[in-house]
Amino acid sequence: MQGFMNVINFIMDAGPAVFMPLIILILGLVFGQKPGKAIRAGVTVGIAFIGLNLVIGLLSDTVMNVVNRMVEIYGFKLTAIDVGWPIAAAIAWGSGVVVPFILIAVLLVNIAMLALGWTKTLDVDIWNYWQPLFLGGVVYMMTGSIWYAVLGACIAMAIIFKVADMCQPYVEEFFGLKGISIPHIESTGWALIGIPLNRLIDRIPVIGKIDWSPKHLEQRLGIIGDPMVLGLVVGAAIALIARADALTVLNTAIATSATMFLLPRMIGVLMEGLMPLSEAAGEFMKRRFGGRDVYIGLDAAAIVGAPSIIATALLLIPTIMVLAIILPGNITLPLAELGGLVFFLPWAVVPSKGNIFRGWLIGTLFMIPILYIASDYAPAMTQLGRQIGFEFPEGASMATCLSIGSQWITWVIYKIQMLIYSLFA
Amino acid sequence: MPVKKILVVCGTAGITSTIAEQEIQAAARAAGIQVQTMRCTPGAVATRAHDVDFIVTTTALGSHYGVPIINGMAFITGIGKEQVIEEILNRLRDND
């Protein structure tokens, strides 16, 4: 047994670019793939981690160092840099020996809940298992207990399956997606807050009457909606604030733009590698439950392209920057996910049927806890990232992201788990 | 025959659009048609739509971008995938 654990630890120490291909290969074979296809999938996942690490290197050399300068010059307090969901997801998928346990446990939870009639959501969105994987990865790092990590991850997903069921009529009505639900923690978790908030605002005089539903606003806002342009502007701005020389300003601008363009590309590679597994798991689930009256559970990516959501997200870009600066105790610097605010906003916009003013107001209220939770998660995310070999620079700056901040359900579970652990450890 | 361009749109330009893009490329290859595919986020559609022949989207998109939009949700759910592939191949073969 000791020898076996030594082998496992040796492989895990080699980093996710080495152990993830092995995990994906083994899981692929378990789900009945041909060896050739399973090997190719595994190697593709390894390549994705190499690619992600290269982009993180770029981000570290430029943006994180500029922020370190800002800390030195001004005592700048926004030291937790939003490096974007692709890096958080990569950390989660690469968080080691807990990954296969959580994947299989969450699948089993979904199967059990479907069989018992506790949920109608059949989650084929294996990719977004990264959110319980992140929770599990952090809990495992803090406590060293695999089963405790698996427990928290399963509770989080059981909750989101129920919330997805509850929200399905809204998804069907607003987006016209019949039989689709969205068991996506960072997005659908906000339904529990957005729907009651919307009812409350209905009762407020004046504010409750304001309705902006302009046509094509997202087109008038033009190229700023393109992540690469947004990256250019934000990169240049922070380098200017850090009083960098002209060359550094230009380089930081183009590097930030490159980061925002390249990270989703690298995630595309990761997805290519995960696709056979995701397909196999989805097929497996559909074979068992396809005949029944179920909702197919998808990523919130399926709904965030709605024009009213895009327009609300663009209005919130300046809002969240102001909030980041004025909120006492916040240390999160919104950056890489400024172009991806749409994911947190379906439940700010949908309850009022696409009223952009209401979306902006409720979205602003969402952004406050998102910033605080992202701030709170920063040390854990930075430590977990370093542990699996991502090279964040030394200095004051830490890595976090808004997606992690928006997963308030997993954050509450994480805090409860750590409290219980501290009582008994 | 000029190679047609498809813009594949999803919320991230990385997850579901990758799945759709792979399926489109595989179907076109099987049919012996060359096609160029690109991915982007919904926020970038407004500036990129005029460069392409049509859009395949796996997210709920507005309909005012001036090029045809095909709903590619079937690539993700697996329901009705054959019809969507047929529709895309027909558009690729269509030479007007």
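No salt bridges are found by the rule across the interface of chain B and chain A. The model is predicted. Eight residue pairs, both at pLDDT 80 or more, are in polar contact across the interface of chain B and chain A. The area buried between the two chains is about 2500 Å².

**Interface between chain B and chain A**

- In chain B, 30 residues are in contact with 35 residues of chain A.
- Carbon and sulfur atoms give 66% of the area buried between chain B and chain A.
- At least two residues of the side of chain B that touches chain A come from each of helix H1 (16–31), helix H2 (42–48) and helix H3 (73–77) of chain B.
- H2(B) supplies six residues, the largest share of the side of chain B that touches chain A.
- The side of chain B that touches chain A consists, by class, of twelve nonpolar, 15 polar and three charged residues.

**Helix H3 of chain A**

- Helix H3 of chain A covers residues 35–74, which is 40 residues.
- At 1.5 Å a residue, helix H3 of chain A should span 58 Å, and the 56 Å between its end C-alpha atoms agrees with this.
- At A:Ser60, H3(A) bends by about 40°.

Conventions
Residues numbered from 1 in each chain as written. Chains lettered and ligands numbered in written order. Predicted model: local features only at pLDDT ≥ 70, side-chain atom pairs only at ≥ 80, totals over all residues. Heavy atoms only, no water. Contact = heavy atoms within 4.5 Å. Buried area = accessible area lost by both parts, 1.4 Å probe. Salt bridge = Lys/Arg side-chain N within 4 Å of Asp/Glu carboxyl O. Polar contact = N/O pair within 3.5 Å; in protein donor to acceptor, adjacent residues only side chain to side chain. Helix = DSSP H or I, 4+ residues; strand = E, 2+ residues; numbered from the N terminus. Nonpolar A, V, L, I, M, F, W, Y, C, P; charged D, E, K, R; others polar. Expected span 1.5 Å × (residues − 1). Bend = angle between axes of the 7 residues up to and from the residue.
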